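Reader: I would like to go through this model with you before I set anything up. Could you take my questions one at a time?

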Amino acid sequence: MGTLWFGGKIRTLQHKKDIKEAVFVQDGIIKGVGEKSDLENQFKNSILEYKDLNDAVMYPGFVDSHLHMLGHGEKLLRLDLSHVESIDQLKAVLKKASTNLSQNDWLIGEGFNENLYPDQRIPDRLLLDEVTTEHPIVLTRVCRHALVTNSFGLQLANVDAETLNPSGGVIVKDSFGVPTGYLLDQAQELVKGILPKHDYSYLMRALKTSLHDLWRHGFVGGHTEDLNYYGDPVSTLQTFYDVIDGEKVKFRADLLIHHEVAPEIIVENNKCKNNPFINLNSIKIFADGALGGRTALLKEPYWDDPSTNGVAIHSYETLLKIVENARKLNMPVAIHVIGDLALEYALDALEKFPVQSGKRDRLIHLQVTSVELIKRLKRLPVVLDIQPRFVASDFPWVEERLGKERTKHSFAWKTLTDAGLICAGGSDAPIEPIDPMLGLHAAVTRRKPKENHEGYNPSEKLSLFQALRLFTEGSAMAICKERERGLIKEGYCADFTILDKDLFELSPDEWLNVNVVMTVVDNTVMFKRNSK
Ligand SMILES: [Zn+2]
């Protein structure tokens, strides 16, 4: 028995202008796409339910091709205090957050800035005690060089009137010699050192928070890299299986495995109960750093600091060895490459140790390229994971790092696409915001929302259709599933992102006001916006 979706535009993304009237789904698979009356005739004995789109617009389900789901969840869990503008507001925000805590939880807030308060008063222990004495509180200052804690926090840290300043730090004390709770520089470690470590319940909370936010933004899946940052990698893997049960909780999670933990994770994953929503995808390797801190590995020195050309995370020989080892595990690799020399090293490794046939490697970020390197890329079975939003965030300072000439070949999404290379779209959340509308906007305009110029390197702008394909078909190709995901087409998975507007009829700045109406994974509604 199946479901007939109807009552709105269905943008299949098979072609730019392809719009259909209805979709029939059975057992999570699309069985027909076309006119409503035709599908009703064809499947008349199988239609169990009708789902009315109420004039909303259905797209193939969006998938973020590169993010860190746990990191994104963590970012949402932490209390952001950077916009608080008075002590009263601070107290109110903390009070509200304190009601959600379980026993033994710390209340952790980030980024308070007393310069925004009318009285510029720095919060102290006594003020925080008014919020709660049952939980330790720690608030870091926006500069990260100071924090404030409550009396409970000081007690757990064993800081009292007798405690001497540690070297490089100050324990601020009042006129009676009693600590105020304000700890500067190295003194912060007295509290930071006793903060709870990432335990299983924390990971569960972070992952669930992340998932809800992903669904809310229309995502049906993500290719996520988390398995080496939270203590035991096996329990991090287990968290995914425990949260995404494939029955009530559906989300297409394709996991990248940091190369250091790959053998262990592959063995453990084989022991896990089969779950079609969770797949190990590829082995993650870092080849270099990033342009911001001048650690992306460049062939020629940085324009604004000729003393360096960046940092190779591994020696050339080690990088080759890691790729060779991945092949022994029968796995594709996903290499973080930002600079052109890092890309050259990665290409050498992929050419020397090619991926097993039928699979694809991936190169992540690919910010600085060249005509020569693109020629080599074209000869390989490789997918490029690009994050359009970095253009909005990193320009114009990219030009200072690279100089005019190299900037022309950087973040060159149109050149890569036109060369026939497979590109997939992601956010790299929590580094960039998760919202796919921001990703689409950056790909199409190459500027920040509300800015008013023709964009950075405007010849590299993508069309909306190309940008949408990054987050749908591109993401499917990155995991070699383009014959079952990424389009609304017969035989494909019933994963849909349903928006209240047709993006093709709006200007890019208007996309930012478009709402997700429903997120559907395997024909199951995982998110539905409350109607007003
Ligand atoms: Zn990343």
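Reader: To begin with, does V25 count as buried or exposed, going by its C-beta neighbours inside 10 Å?

Author: V25 counts as buried, with 24 C-beta neighbours inside 10 Å. The cut-offs are that a residue is buried if 20 or more other C-beta atoms lie within 10 Å of its own, exposed if 12 or fewer, and partly exposed in between, with the C-beta atoms placed from the backbone. Please keep in mind that this is a predicted model, in which local features need pLDDT of at least 70, side-chain atom pairs count only at pLDDT 80 or more, and totals for chains, interfaces and linings use all residues. Residues are numbered from 1 along each chain as its sequence is written.

Reader: Where is V25 found, and what does V25 touch?

Author: V25 is found in strand β4, residues 22-26; helices (H or I, at least four residues) and strands (E, at least two) are DSSP runs, numbered from the N terminus. Leaving out residues up to four places away in sequence, V25 touches G2, T3, W5, I30, K31, A494 and N523, where contact means that the C-beta atoms of two residues, placed from the backbone, lie within 7 Å.

Reader: Switching to helices, how do α16 and α17 pack?

Author: Helix α16 (residues 436-445) and helix α17 (residues 464-478) pack at an angle of about 135°, with their axes 9 Å apart. Here the axes are lines fitted to C-alpha atoms, for helices over the stretch in contact, and angles run from 0 to 180 degrees between N-to-C directions. The two helices, α16 and α17, are therefore oblique to each other, on a scale where angles under 35 degrees count as roughly parallel, over 145 as roughly antiparallel, 65 to 115 as roughly perpendicular and the rest as oblique.

Reader: Which residues meet there?

Author: P436, G439, L440, A443 and V444 in α16 meet L464, A467, L468, L470 and F471 in α17.

Reader: And what about α2 and α7, at what angle do they cross?

Author: The axes of helix α2 (residues 69-77) and α7 cross at roughly 90° and come within 7 Å, and α2 and α7 are therefore roughly perpendicular to each other. On the α2 side the contact is made by M69, L70, H72, G73, E74, L76 and L77, and on the α7 side by L203, R205, A206, L207, T209, S210 and D213.

Reader: Which residues of α8 are buried, and why are they on the same side?

Author: In helix α8 (residues 233-243), the buried residues are P233, T236, L237, T239, F240 and V243. They are on the same side of α8 because they cover an arc of only 145° around the axis, the arc being that of the directions from the helix axis to the C-beta atoms. What covers these buried residues of α8 includes α7 (200-216), β16 (252-258), α9 (262-271) and β17 (278-286).

Reader: What is phi of N54, and what is phi of F411?

Author: Phi of N54 is near 50°, a positive value in a residue other than glycine, and phi of F411 is near 50° too. N54 counts as exposed, with 11 C-beta neighbours inside 10 Å, whereas F411 is buried, with 27 other C-beta atoms within 10 Å. As background, most residues other than glycine have a negative phi, and most peptide bonds are trans.
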